[in-house]
Amino acid sequence: MTEYFDPKTQGGATSKSRRNFLKTVGASGVAAASTPLWAQATQARAAETPEGDPAKASAPAPGMSRIQLNVNGVERTVDVAPQMVLLDVVRNELGLTGTKKGCDQGQCGACTVLVNGQAINSCLSLAISRQTDEITTIEGLERGGELHPVQQAFWEHDAFQCGYCTSGQIMSAVAVLNDDRIGQSDAAVREAMSGNICRCGAYKNILAAVQDARKAMKGGG
Amino acid sequence: MQSFELIRPESVKDAIGAQSERSAFIGGGTTLVDLMKLGVMQPDHVVDTNRLGLDEIEALDDGRLKIGARVSNSRLAIDARVERDYPVLSQALLSGASTGLRNMATTAGNVMQRTRCPYFRDPAKPCNKREPGTGCSAMDGINRNHAVLGTSEHCIATHPSDMCVAMAAIGATVVVEGRKGTREIPFEDFHLLPGDHPEREHDLRSDELITHVVLDAPLEGAVSTYLKLRDRASYEFALASCAAIVTLEGTKVTAARIALGGVATKPWRAVDAEAALVGEEATAKMFEQVALLAFQRAMPLEHNAFKVELGQQAIARALRDAVQQASQGEHQ
């Protein structure tokens, strides 16, 4: 059984508790009956610690602003510096590490997230400017443990090798398939997704996955 | 990235009031955030334009189209009036960057886009544009991507925009607002040649903000096309590009607008080629002849001489493609 990160039930993570999260997931795989003491202790800390939830703490540190970000349908309170980009806030402050940092300068697309349904490069977007927006990351695509049709199609088509660009590819693909103005031909999909570079060169399978997901989404999937 | 104070005004007046010599406006951030990360731009204050409105596209009574500074490149490209009256602009926009970047990038931000010269982008290298007086690394460096038109001994960096090339061909006005009021700058005068001061890239004072770009009324019955030639088929800057707009009477050219990208230090109007084409027969041979005129004063360097021929071919082919639409009855 695979667990998918659900910010609705596993929110409040910080960069520190991301490690806790990984440990927790690792521990759950060991099975509850034989959960070692260290893992039990880790799980307890992850559940109880208020760290990462600035709403419970005092005023923001000097130079930081306390903002609300709507990420995957959940309002999150986070303290950010003016120069912090959405990519770093999502990964390091909210613990949503599915969004990847590739080039960090808008040349690779690994950091693609959806803002109000549109794909953007989160590495070039100041987090403070996104307070009124609806942000969706790769973690926000699944519903009740069911993969989004695009995720499922990437899985079935083996549409990756190293996997580093994959979350960005999937987010772009979701935006492409939700945009009626983008043509349905292979060429139109390639053009619309040309901002997502795959160093492994898995483009053939990525394209096949996107076109397959199109059918699944039309079929009400 | 060096820290800065972020100011988020809610009116144009406050935005202008917040502006200083050491500040920068931010729109989509696709140029500024990138260059701040690289340490190329280091403003003390960043003034966020995202709460200023300025996101409307408005048809004016005189036939012109007024575009708000914050209209995204994606939205402008698919606006029905742009697609109908200025398809060359729509094509140029869609040929630039990627879907994600176009969703972020704004109209004014694209006008203010900085060069992609790798020496400009590397603070460890001398660059007259970044640090006046330090010299030009590209002049004797890897200058394959650099300009052959409008260069000076101090700078050969190309202007990277596709959108601006289409706007140069269409004709436009940049509307700016400053502490002393509003000003209208003809598009062809907005970007400056490097000359002795490559650090001065545009005719915008330190307190001024671009609020709109107004496109000239479309030429009646014109046909047009944007052709972009580059190292890969998508998501790449132009080695040479051409926006061509032509009107015809029978087989004769009655008006021509030719603008070039990827080969010049600013969005480049090929006025000699245009003048030579008007009144002539719209033939492939004639297009090739006028294309030569556009590069008469080209100053190629060690690695970019190919751009002279590539640019000439871009003009000839763009004109041919545009006129072909006319013969097929596909106006605009």
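A:Ser129 sits in the loop that links β4 (118-121) and β5 (134-136) of chain A, where strands are DSSP runs of E of at least two residues and helices are runs of H or I of at least four, numbered from the N terminus. The model is a predicted one, in which local features need pLDDT of at least 70 and side-chain atom pairs count only at pLDDT 80 or more, while totals for chains, interfaces and linings use all residues. Residues are numbered from 1 along each chain as its sequence is written, chains are lettered from A and ligands numbered from 1 in the order in which they are written, and side-chain values use heavy atoms, with hydrogens and water left out.

With a relative accessible area of 15%, A:Ser129 is buried (under 20%; exposed is over 50% and partly exposed lies in between, with a 1.4 Å probe and protein chains only). Leaving aside residues up to four places away in sequence, A:Ser129 touches B:Arg8, B:Asp48 and B:Asn50, contact being heavy atoms within 4.5 Å.

These contacts lead on to the interface as a whole. Here 25 residues of chain A are in contact with 30 residues of chain B. About 2,200 Å² is buried between chain A and chain B, 53% of it on carbon and sulfur atoms; buried area is the accessible area (1.4 Å probe) that two parts lose on being put together, summed over both. Of the area that chain A buries against chain B, 26% comes from A:Gln83, A:Leu124 and A:Leu126, more than from any other three residues.

One salt bridge is found across the interface of chain A and chain B, the rule being a side-chain nitrogen of Lys or Arg within 4 Å of a carboxyl oxygen of Asp or Glu. A:Asp104 forms a salt bridge with B:Lys37, and their closest N and O atoms are 2.6 Å apart. On the side of chain A that touches chain B, the elements giving two or more residues are β4 and α7 (186-192) of chain A. The largest share comes from β4(A), with four residues.

A:Asn178 is exposed, its relative accessible area being 52%. The C-alpha atoms of A:Asn178 and A:Asn72 are separated by 17 Å, and the two residues are 106 residues apart along the chain.
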